[in-house]
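I opened this notebook to keep track of what I looked up in one structure, one topic at a time.

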Amino acid sequence: MMSIITSELVSLDQIRASTPREVIQAVAEHIATTDRASDSQALFNDAWSREQESATGMPGGFAIPHCRTSAINAPTLAFARLASPVDFGSSDGPADLVFFIAAPEGANQDHLKILSALATYLMRDEFVDSLRNASSAQRVVSLIDEAVAPEGRTSSNSSSSTSANPAAEGRPETLSLVAVTSCPTGIAHTYMAADALRQAGEARGITIHVETQGASGADALPSNVIAAASAVIFAADVDVREKHRFAGKPVVASRVKRAINDPEGMIEEALRAAEDPAAQTVAVESQENSAGDQESESFGRKVQRVLMTGVSYMIPFVAAGGLLIALGFLLGGYSITEVADDIAFNRALWNLPTEADLPEDFRGFGMLGAYLGAVFFVIGGTAMSFLVPALAGYIAFGMADRPGIAPGFTAGAVALAMDAGFIGGIVGGVLAGAIAYWIRRLDVPRWLAGLMPVVIIPLAASLVAGGLMVILLGGPIAGLTAVLENWLQSMTGTAAVLLGLILGLMMCFDLGGPVNKVAYSFAVAGISAGVGLETEAPLMIMATVMAAGMVPPLGMALATFLDRKLFTVVERENGKTAVLLGAAFISEGAIPFAAADPLRVLPASMAGGAVTGALTMAFGVTSIAPHGGVFVPFAIGGFPLFLLAVIIGAAVTAFTVIALKRWVRKQPVDAATTPVPAAAAV
């Protein structure tokens, strides 16, 4: 494996420049004199573009301009000791040392690990001082080689922690924090921020576990470590992957560079947040994909994680599309479906439809309502058409990461075209993800590695997965889907009530977790089919699922109002928040209560949800919107009965949890006891 640095890439006191731009230009030209760069200008452009996103000056008098670029053919580190310091934007002054890191687009993981290990070493003052005092280029190379040697470095892409020392400032010894660091290129700042937080935590006597989401990969923090943490730190310039794992945890979030410049400040903020019931927390989203330690995942857990990834990414398409369809019906009436395409594409705001363009039973808000209703319906229907492809695409993503997205979407689109529906999307996504994962793991020459994620994997996986769907699987799955649709259409009476009861139990079983998502997915899979069918069974299922999902937070809120002494001060405050969350169909609003007292809260929630589910089906309530709760009354057929079912279920939950708490625990709870705080969006 080619060394990341050679003596030819070292410049000692030779570069004379006054601005970061001039320094980066000079180092790029210097790299181009070796056989590592094909185009010095392209290398400069990519590095300078990254520099403009965020200055790379670091405390300690050095800078680390870096980039991922096609202008370089091997991972490279160039070192320059400047003739005079240049201001790279660090808070403590200009830099006299420059570490220019460049990685090719298809960089080998071993090389990336070396670069990330170097980034970690740059946070050590003695290492930087040794480089500053180096007498020759070869001495610089030797120091860097020693730093990144496998036996001399810690794994930079794995989660790690400080040693547990006696508590600081009177805080309990068991206090621990977790952190996630990431930056756009994932080469330098990611690992430097992690090391800065670890060192600052060790100095404070705080146990801190850090997950680096960088270019050399990421090992997810174990779920038990996250669960035990008092707060979480997000030091990231890009989205934190699988943020839902930290749901409900007090959070401190900033750009990655702050963790490098002020790790002590971030840790102190996190400690304060851990003790503040009103602190901002990670948004309580779906609980799927709890990565935990994926190395030890069971097969069943992996299947669940992958399927829930697809469902999680699919839901926004359904929510947006369903609400737009509902708005279309509100403005244009239910008969707008017959003429929506013609009106939306052949009329305009200045050329509104006439009565001749509308069906005889038109019940919309005039000609403007008919036009806007048609537009909303067409846009909503288009969004809903992504349901199956998005499900398949992100199932494949859950299995094979980004290379699986295109094949998954393709297989899902084929399933949709063949009327294989929701089941076809699952099968197509699993096929595409498995094939993409297998191809991705092939050991290919370096010259071919760059083409793998962009051309070879999408082409081969799309061809194989799509071909299998067309030739072998699509037809049988379409037949099964038709049988299920016929079953739904024939469902009446006792069978419908029993189904509502089961769906209500599932929606309240884990408050946004996998079982909840299975019930919700079952509902949204049929909602588009329910529009225009002679039966309203799929729309009744959607209403049932939404009503039951509202019950846990509303029931717990009602309980805190009815018997305040049974709940802590924090729980009573959470009860106020839960009213709005429950009304908006956010089941996770009950999670703080369930986290503090699961053996009483979850059974009580399931009891109320089952009653609401059965009543909603018995009342024949329908919903053409997949989300929104009481805020989409126009989309709910039989809205007063919908509200009645929700109120009855919430009352059942409230009285049940009060009875359970009184039966098991006669005395009021200690007001000092603090449950998991209610979620607030990050």
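**Confidence.** I began by noting that this is a predicted model, and I looked up its confidence before anything else. The chain averages a pLDDT of 79, and 82% of the residues score at least 70. I found the highest mean, 92, in helix α23 (residues 598-619), while the lowest, 45, belongs to strand β7 (residues 160-161). Over residues 151-173 pLDDT stays under 50, although the model has 58 contacts there beyond four places in sequence. Residues 666-682 also stay under 50, with 43 contacts of that kind.

**Cysteines.** How many disulfides does the count come to? I noted zero disulfides.

**Surface patch.** Next I looked for nonpolar side chains on the surface and found a patch formed by L480, V483, L484, W487 and F522, with about 460 Å² of accessible area together. Helix α17 (residues 452-489) gives the most to this patch, with four residues, whereas F522 lies in helix α19 (residues 514-530). F522 counts as partly exposed because its relative accessibility is 33%, between the limits of 20% and 50%.

**A loop arginine.** Is R36 buried or exposed? I located R36 in the loop between α1 (20-32) and α2 (40-53), and with a relative accessible area of 3% it is buried. Its C-alpha atom is separated by 8.7 Å from that of A71, which is 35 residues apart from R36 along the chain.

**Salt bridges.** A search of the whole structure gave me 13 salt bridges, and I followed up a few of them. D129 and R132 meet in one at 3.4 Å, N to O; both lie in helix α4 (residues 125-132), three residues apart, which is about one turn of the helix. D129 is partly exposed at 38%, and R132 is partly exposed at 23%. I also recorded that D96, D129 and R132 are linked in a network of salt bridges.

R258 pairs with D262, their closest N and O atoms being 3.5 Å apart; R258 is partly exposed at 25%, and D262 is partly exposed at 30%. My last entry is the salt bridge between D597 and R600, at 2.5 Å, N to O, where both residues are buried.

Technical notes:
Residues are numbered from 1 along each chain as its sequence is written. This is a predicted model: local features need pLDDT of at least 70, side-chain atom pairs count only at pLDDT 80 or more; totals for chains, interfaces and linings use all residues. Side-chain values use heavy atoms; hydrogens and water are left out. pLDDT is the predictor's confidence in each residue, from 0 to 100. Helices (H or I, at least four residues) and strands (E, at least two) are DSSP runs, numbered from the N terminus. Contact means heavy atoms within 4.5 Å. A disulfide is a pair of cysteine sulfur atoms within 2.5 Å. Patches are made of residues with over 30% relative accessible area and no salt bridge: like charges are joined within 9 Å, nonpolar side chains (Val, Leu, Ile, Met, Phe, Trp, Tyr) within 5 Å. Accessible areas come from the Shrake-Rupley method with a 1.4 Å probe; for residues, only the protein chains shown count as cover. A salt bridge is a side-chain nitrogen of Lys or Arg within 4 Å of a carboxyl oxygen of Asp or Glu. Buried means under 20% relative accessible area, exposed over 50%, partly exposed in between (1.4 Å probe, protein chains only).
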